[in-house]
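Today I open my notebook on a new structure and jot down what I look up, step by step.

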Amino acid sequence: MTHNHPTIWRNGLWDNNPGVVQLLGLCPLLAVTNSAINGIGLGLATLLVLVLSNLAVSATRRWLQPEIRIPIFVLIIASLVTVVDLLMQAWLAELSQTLGIFIPLIVTNCTILARAEAFASRQPMARSLSDGLAQGLGFALVLIALGAGRELLGQGTLMADAHLLLGDWAQSLELRLMPADWGLLLAVLPPGAFIGLGLLVALHQRIQRSQQPMNENPADGSSQAIDAT
Amino acid sequence: MQLTLSGPPHFPPINTVGGIMRQVLFALIPALVAHCWFFGWGILFQLALAVGFALAFEAVMLRLRGKPLQPFISDYSAVVTAVLFALCVPPLAPWWISLTGMLFAIVIAKHLYGGLGSNLFNPTMVGLAAVIIAFPIDLSQWLAPRSLSPGLPGLAETLRAILTGQLPASLNWDTLSQATPLDALRTGVAENRMVTEIRANPIFGDFGGRGWEWIANFYLLGGLYLIWRRVISWHVPVAVLATTIIVSTPMWLLGPDVNPSPLQHIFSGALVIAAFFIATDPVSGCSTLRGKLVFGAGVALLTLAIRRFGGYPDGVAFAVLLMNMLAPLIDRLTTPRAYGHPR
């Protein structure tokens, strides 16, 4: 069982991606990804919480009683989410309103609890930081890919409303790739999220499998993957 | 002279997929002709487009999945999906309606779930539901039937409307299009008018909508042919039609001002084609006989509920999809007891 930094990054971003492999945190993943900027917003908030909670859990791991570790994780995560939520309300009020309940709901995102339990509570702080960044970025990338795809198909734009996150200069970031009335309404409605995520998972598996023949023994590769988790 | 000798049965049942699908296509011909008579050339183009897209997607998906093309293309299942879809969309719907519908029907509902025989949902209805949600406006622009229209668009005008998505300058939607009977009823009731008053509108015929009721009759005829040829069993259509009548009759008797008559329910919208051609799908429907009765009753109940309370004027597509989800469960609960085994 190796937990060197390249493996951690590879796991978070691709092999064991929380969005398209572990399928964790599906509720916010499906609910807010109707535009790229919403995806980025929630992705960054989740990333921040994940990194801080991994660090906090890893730092306190020596003093945690195994019997009550889960409530403690939840307390740590909940306080961090409260901080992030209040920060967003203060500095990014409009974006925070768009994302609504899904910012406080980061506390229930299983990715964060899973990383605390499976990784941070057993590993030193440097690796936990690395893991939080990698998993958080992996999750954010899925959010952004799904959000951008749905926004493009549904409204024909990319990065609309970017000023909500980045300030007024970002209004010029909006890219219109096709007229608004060509949009496929289905893509921005809830079914579009499910279909889009399904297609992303399928794409991930397809790429994963096309790489398989390079391994001499595919069974060997999969057992390694199970070991690593 | 050579006589072939063979053992009975001398009239073998049609038990290939291709044979059954061909029978379904034959059974749809009368309704197609009626559709063409009442609503003009549009249906023929819709048919060509849908079949073309369906076969193209089928070929691409078979290639991607590494399956042989010939046996699967020639089983007509994609053609039946396409024909049923074409019959459910407005005759002047632009070409991308067919493209989107067939993409969802063939690629997503059929092949991503494992191809014919493994599809959880009826492909036609998935395609239809997708376009109803994605293009609500295009899907609500129906033509007025022949006898009411100042003149149905000609061949060239129809083709142009379908290919460009816009009507030629000589025509406009206000004279051509007409609310479908279900739409008219829905808006009328919402405006607190009485059903009898709404029905004075010439788009209503004897039972359902003018033109529509004839097409429904021909679906019925085709359906009876399928029952006679043992392609479908009587259970699903009887359950759908009987439930519709049983549920809507008391509502109509108690409140004839706000509830349409049972016959009007049956003869408008897609209820008859669903009863005989869509809910009878052997793959996504139920397999046990009692299960088929439950399945048909569920389709009818949900359709009535969506027509009465839902956001869309006709709910057949959603009703069938919802019942498709329940079909495995219904089958489980209605499996007959094998002789000598406890339940």
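Before counting contacts, I note the rule: two residues are in contact if their C-beta atoms, placed from the backbone, lie within 7 Å. I also remind myself that this is a predicted model.

Entry 1, contacts. I looked at contacts in chain A between residues at least 6 apart in sequence, and 78% of them join residues at least 24 apart.

Entry 2, the elements. I found 11 helices and two strands in chain A. Reading from the N terminus, I wrote their order down as α-α-α-α-α-α-α-β-α-β-α-α-α. The radius of gyration of chain A is 19 Å, close to the 17 Å that the globule rule gives for 229 residues, so the chain is as compact as a globular protein of that length.

The C-alpha atoms of chain A fill a box of roughly 55 × 50 × 30 Å along the principal axes. I noted that 38% of the 229 residues of chain A count as buried.

Which residues of helix α7 (residues 155-164) of chain B are buried? I found B:T158, B:A161 and B:I162. Seen down the axis of α7(B), the buried residues fall within an arc of 95°, so they line one face of the helix.

On the face turned away from the buried side, I found the exposed residues B:A156, B:L163 and B:T164. After α7(B) comes B:G165, with a positive phi near 80°.

Methods. Residues are numbered from 1 along each chain as its sequence is written. Chains are lettered from A and ligands numbered from 1 in the order in which they are written. This is a predicted model: local features need pLDDT of at least 70, side-chain atom pairs count only at pLDDT 80 or more; totals for chains, interfaces and linings use all residues. Helices (H or I, at least four residues) and strands (E, at least two) are DSSP runs, numbered from the N terminus. The radius of gyration is taken over C-alpha atoms; the globule rule is 2.2 Å times the number of residues to the power 0.38. A residue is buried if 20 or more other C-beta atoms lie within 10 Å of its own, exposed if 12 or fewer, and partly exposed in between; C-beta atoms are placed from the backbone. The arc is that of the directions from the helix axis to the C-beta atoms.
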